Amino acid sequence: MRLEYFQMIDRVVAVDAGRLTAEATVPEASPVFEGHFPGHPLVPGVLLLETMAQAGGYLLLARMGFARMPFLAAVKEGKMRSFVGPGAVLSVEASLVHEGSGYAVATGRILSGGKRICDAEITYRVLDFPAPELKAAMLGQAARIGMAVPGG
Amino acid sequence: MASAFDRVADIIAETSGVARERILPDSHVIKDLEIDSLDFLDIVFAIDKEFGIKVPVEQWTQEVNNNEAPAEQYFVMKNLATRIDELVAAKAAG
């Protein structure tokens with residue numbers, strides 16, 4: 001994970017039509033930990049939510065062949081069950097709940113050492129890519145984390 | 001079984017917090033009930049699940065934005081219920 005760059009997923013382990021599993025390792029040091037919290041570094045809950053949202057986002061991108069972009073719209077039942085600190089190895093899972101017209105719903109959860117860290121139901125607006133640079137960046141990020149990408 | 005109108009009105013009341021008695025056949029979902037786009041996503045998700053359909057919101061929105069259809073055709077409650085009945089019938093017809 002590169003927390004400052006919002007690169008939350010390190011590697012996609014498996015992806016099919018309805019489910020994605022990925023790995024992410026919390027860095028040993030990050031400016032984020034200087035503020036959250038001094039002397040007691042913890043990954044902020046909002047970044048764990050972002051990690052789950054990205055896993056679901058990559059699942060949707062794969063389903064759509066990277067034709068459109070899922071944007072975070074809503075988080076429901078977001079539960080932060082355990083603290084996560086530097087060096088933790090996370091297993092991030094996303095499962096499709098529903099694919100609607102212009103939106104999609106997925107569940108996400110994070111485990112570490114078999115222990116539940118957090119889970120949530122996440123809604124995405126699915127829109128055309130607003131800029132070609134964004135699509136190129138998403139394809140680049142997906143390739144970086146080991147996903148098969150169109151033309152890759 | 002309750003009508004599509006009643007089922008959709010119940011969903012809107014539960015999802016958005018609008019009082020059920022305010023939701024009338026001539027209510028415009030956006031103008032009268034003040035449902036914003038995010039709440040409408042939730043409502044459509046609940047309708048999709050309740051009726052086992054996929055409400056084509058993107059197509060409807062595009063038609064309205066392109067002046068190919070009046071917004072009332074899709075977003076006034078009685079018309080929305082009719083559109084849902086049509087979608088359910090189309091699905092049943094395969």
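## A walk through chains A and B

Start by selecting F6(A), which sits in the segment ahead of β1 (11-15) of chain A. Before going on, note that this is a predicted model, where local features need pLDDT of at least 70, side-chain atom pairs count only at pLDDT 80 or more, and totals for chains, interfaces and linings use all residues. Residues are numbered from 1 along each chain as its sequence is written, while chains are lettered from A and ligands numbered from 1 in the order in which they are written. Strands here are DSSP runs of E with at least two residues, helices are runs of H or I with at least four, and both are numbered from the N terminus.

**Stop one: the backbone at F6(A).** Phi of F6(A) is near 55°, a positive value in a residue other than glycine. Is F6(A) buried or exposed? F6(A) counts as exposed because it has 12 C-beta neighbours inside 10 Å. The cut-offs are 20 or more other C-beta atoms within 10 Å for buried, 12 or fewer for exposed, and partly exposed in between, with C-beta atoms placed from the backbone.

**Stop two: E77(A).** Now select strand β3 (residues 69-80) of chain A, where you will find E77(A). Phi of E77(A), a residue other than glycine, is also positive, near 55°. With 9 C-beta neighbours inside 10 Å, E77(A) counts as exposed.

**Stop three: a cis bond.** Move to the loop between α1 (31-35) and α2 (45-63) of chain A, which holds F37(A). Display the backbone: the peptide bond from H36(A) to F37(A) is cis, with omega near 0°. Most peptide bonds are trans, and most residues other than glycine have a negative phi.

**Stop four: where the chains meet.** Show both chains together. Nine residues of chain A are in contact with eleven residues of chain B, contact meaning C-beta atoms, placed from the backbone, within 7 Å. On the chain A side, β3 and β5 (103-112) are the elements that give two or more residues. That side comprises four nonpolar, five polar and no charged residues; Ala, Val, Leu, Ile, Met, Phe, Trp, Tyr, Cys and Pro count as nonpolar, Asp, Glu, Lys and Arg as charged, and the others, Gly among them, as polar.

**Last stop: chain B.** Select chain B and colour it by secondary structure: there are five helices and zero strands. Its C-alpha trace spans about 35 × 35 × 20 Å along the principal axes. Of its 94 residues, 27% count as buried.

Note on methods
Two residues are in contact if their C-beta atoms, placed from the backbone, lie within 7 Å.
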